[in-house]
Amino acid sequence: RSVYDGEEHSRFMEKLEARIRNHDREIEKMCNFHYQGFVDSITELLKVRGEAQKLKNQVTDTNRKLQNEGKELIIAMEELKQCRLQQRNISATVDKLTLCLPVLEMYSKLREQMKSKRHYPALKTLEHLEHTYLPRVSHYRFCKVMVDNIPKLREEIKEVSMSDLKDFLESIRKHSDKIGETAMKQAQQQRNLDNIVSQHPRISGGKKSKKEACASSDLEVKNTSPMSEQDSGILDVEDEDEDEEVPGAQDLVDFSPVYRCLHIYSVLGARETFENYYRKQRRKQARLVLQPPSNMHETLDGYRKYFNQIVGFFVVEDHILHTTQGLVNRAYIDELWEMALSKTIAALRTHSSYCSDPSLVLDLKNLIVLFADTLQGYGFPVNQLFDMLLEIRDQYSETLLKKWSGVFRNILDSDNYSPIPVTNEEIYKKIIGQFPFQDAELEKQPFPKKFPFSEFVPKVYNQIKEFIYACLKFSEDLHLSSTEVDDMIRKSTNLLLTRTLSNSLQNVIKRKNVGLTELVQIIINTTHLEKSCKFLEEFITNITNVLPETVHTTKLYGTTTFKDARHAAEEEIYTNLNQKIDQFVQLADYDWMAMEPGSKASDYLVDLIGFLRSTFAVFTHLPAGLAKLCLLLQGKVAQTACMSACKHLSTSLMQLLLEAEVRQLTLGALQQFNLDVEECERKMQS
């Protein structure tokens, strides 16, 4: 740059060329000095080239020979290389297959279990597959497909197990009737066994222990693992003979679908969902079971089927409570039972009110007691059912009263109201056995003879006893004390006497076609029935073992009933006599303007006196054998009737004189009237 800047370029070039010439001279000198050595080296190199060519030819020939000789070896080595590569690949494949085969086997096993509906084992297999086997081979594509299918398989297991549960619930709903029927049969057998034990404790002790042992063993058998492979909800059981032991109600049911579904949902972490679903469905079924059919009251089978379904439902729930952990709890069971109890009692109140047959009401009561005892055996409180039975007891009493009203009406309508004739000792003892009657005078009389009362007396007495027996039947198994039973029977019997029998007697007495003879016989009959009340008291005391002197014991009002009936009959006699007198007096045809009286009493008065004489003759022709009663009737009823008739006749005759139509009368008419009055006095005194 300094050369260009100082304009000394030409000078620099001259110096440079001079420098080049100096170097060229030095190079030339050096070459001239080493030239001979160079020529010698070239000559040597030419010699070496010839030898190298020979060596090359020898090497080429040797290589050709070596190539020819090693060709087979190369082929063999190549084959060996391929074999070693295949061996290595096979070994790697075996190792990978060793890892993959268990996965494939488990997956195949899972599919087989799913196909055979072994859902719980399938779920266990799925768990092992997911957590144990698949992580070892997770980098394979088929494993990723399996992993993606696992949630779908779980959901499929849930759906299938839920389907099995739905089938189980539907089967249980359909077969609750059979389950309940079996449970109630078992409760009936247990009750009968308890009765036998109470009567023969030594004989029946072994049988009871055997039954309890069988029951416990059956329970152990049914508490199976959820791994059970049977999915049917109800096992078929043929009807057993009465002598054979009835299988336990739980022996009819296979609960494995519930257990499996519960365990499956527990493993899947959805136990709460399952519990809510199960309880919801069972609540719906409970409402269906508790809905009584509209015609349930028509037959006992309608009630029995209704009770069987309820018992079957709660037997299943009780078993689920004791064999699963938390699927249902006591609070849930108690809630269902409270609902069932209220609906059942309401249904029974409604439908039992339609029952007019006491036999059906009694059978219904026995069925309700068996229903209550069955459920009480499973730990359910049934006090409200027994309280309701006390309400049905009042209804039963009303139906009995209606029935016995018809019975009394038929007895009274079919009676001939004549003393019972007895022709031999056998008939006499038969009647004495039917009715508590004792009379020494009648016993001494030879046959044939007559009882003072008619046939309706022993019939009515026996029907009263039958009514008492019917009341006693209802009180059985109600867990009532003897005093309560006695009080119930006495109150019902009082209603029978004071209302039913009293009304029947009053209806007979008030009938238009009843005659004086019938009325007199009714008076005699009611007198005997009144005396029999003390025997009815003794009868009730004997069957209830409650002494009449016990505090608060109700007394029978039969005496009052029969007295009222007798007084009504007496009043009817007086009324009938007065009516007859009025009819005769209406026939009186006095000529109040007659100048001379007649020679004899008026015809109507003669006929009236004849009627009265024949009427009072009824009182004097009472049967022998009850002299005191005859005297009583003659002294009281006959005299009272006579006095009433005389008084009424006197009043009627006075009314004839005081009638407004009689404006004037003659002395002859008064003498005739006086003649009639004197005739009355003379005949009545005689």
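**View 1. Helix 7 and helix 8 cross at roughly 160 degrees.** Welcome to this predicted model. Our opening close-up shows helix 7 (residues 271-289) and helix 8 (residues 300-323), whose axes come within 10 Å. Angles over 145 degrees count as roughly antiparallel, so helix 7 and helix 8 are roughly antiparallel to each other. The crossing in which helix 7 passes helix 8 is left-handed. On the helix 7 side, look for Tyr278, Arg282, Gln285, Ala286 and Val289. They meet Tyr306, Gln309, Ile310, Phe313, Val316, Glu317 and Ile320 in helix 8.

**View 2. Helix 15 and helix 17 cross at roughly 150 degrees.** Here is another helix pair to explore. The axes of helix 15 and helix 17 (residues 533-544) come within 10 Å. That crossing angle makes helix 15 roughly antiparallel to helix 17. The crossing of this pair is right-handed. Helix 15 brings Ser482, Val485, Asp486, Ile489, Arg490 and Thr493 to the contact. From helix 17 come Glu537, Ile540, Thr541, Ile543 and Thr544.

**View 3. Ser492 is a buried residue in helix 15.** Stay with helix 15, which spans residues 482-509, and find Ser492 within it. Ser492 has 6% relative accessibility, and because buried means under 20%, Ser492 counts as buried. Leaving aside residues up to four places away in sequence, Ser492 touches Ser397, Leu401, Phe467 and Cys471.

**View 4. Ile464 belongs to the largest nonpolar core.** This core has 165 residues, and the members that touch the most others are Leu165, Phe307, Phe314, Phe451 and Ile464. Helix 4 (residues 141-199) supplies the largest share of the core, with 14 residues. Now zoom in on Ile464. Apart from residues up to four places away in sequence, Ile464 touches Phe408, Thr493, Leu496, Leu497, Leu501 and Leu536.

**View 5. Cys31 is partly exposed, whereas Cys533 is buried.** Which of these cysteines has 47% relative accessibility? That is Cys31, which therefore counts as partly exposed. Cys533 has 6% relative accessibility, so this cysteine counts as buried. A disulfide is a covalent bond between the sulfur atoms of two cysteines. How many disulfides does a search of the whole structure find? The search finds zero.

Conventions: Residues are numbered from 1 along each chain as its sequence is written. This is a predicted model: local features need pLDDT of at least 70, side-chain atom pairs count only at pLDDT 80 or more; totals for chains, interfaces and linings use all residues. Side-chain values use heavy atoms; hydrogens and water are left out. Helices (H or I, at least four residues) and strands (E, at least two) are DSSP runs, numbered from the N terminus. Buried means under 20% relative accessible area, exposed over 50%, partly exposed in between (1.4 Å probe, protein chains only). Contact means heavy atoms within 4.5 Å. A nonpolar core is a set of buried Ala, Val, Leu, Ile, Met, Phe, Trp, Tyr and Cys residues joined through side-chain atoms within 4.5 Å. A disulfide is a pair of cysteine sulfur atoms within 2.5 Å. Axes are lines fitted to C-alpha atoms, for helices over the stretch in contact, and angles run from 0 to 180 degrees between N-to-C directions. Angles under 35 degrees count as roughly parallel, over 145 as roughly antiparallel, 65 to 115 as roughly perpendicular and the rest as oblique. A crossing is left-handed if the near helix is turned anticlockwise from the far one by less than a right angle, and right-handed if clockwise.
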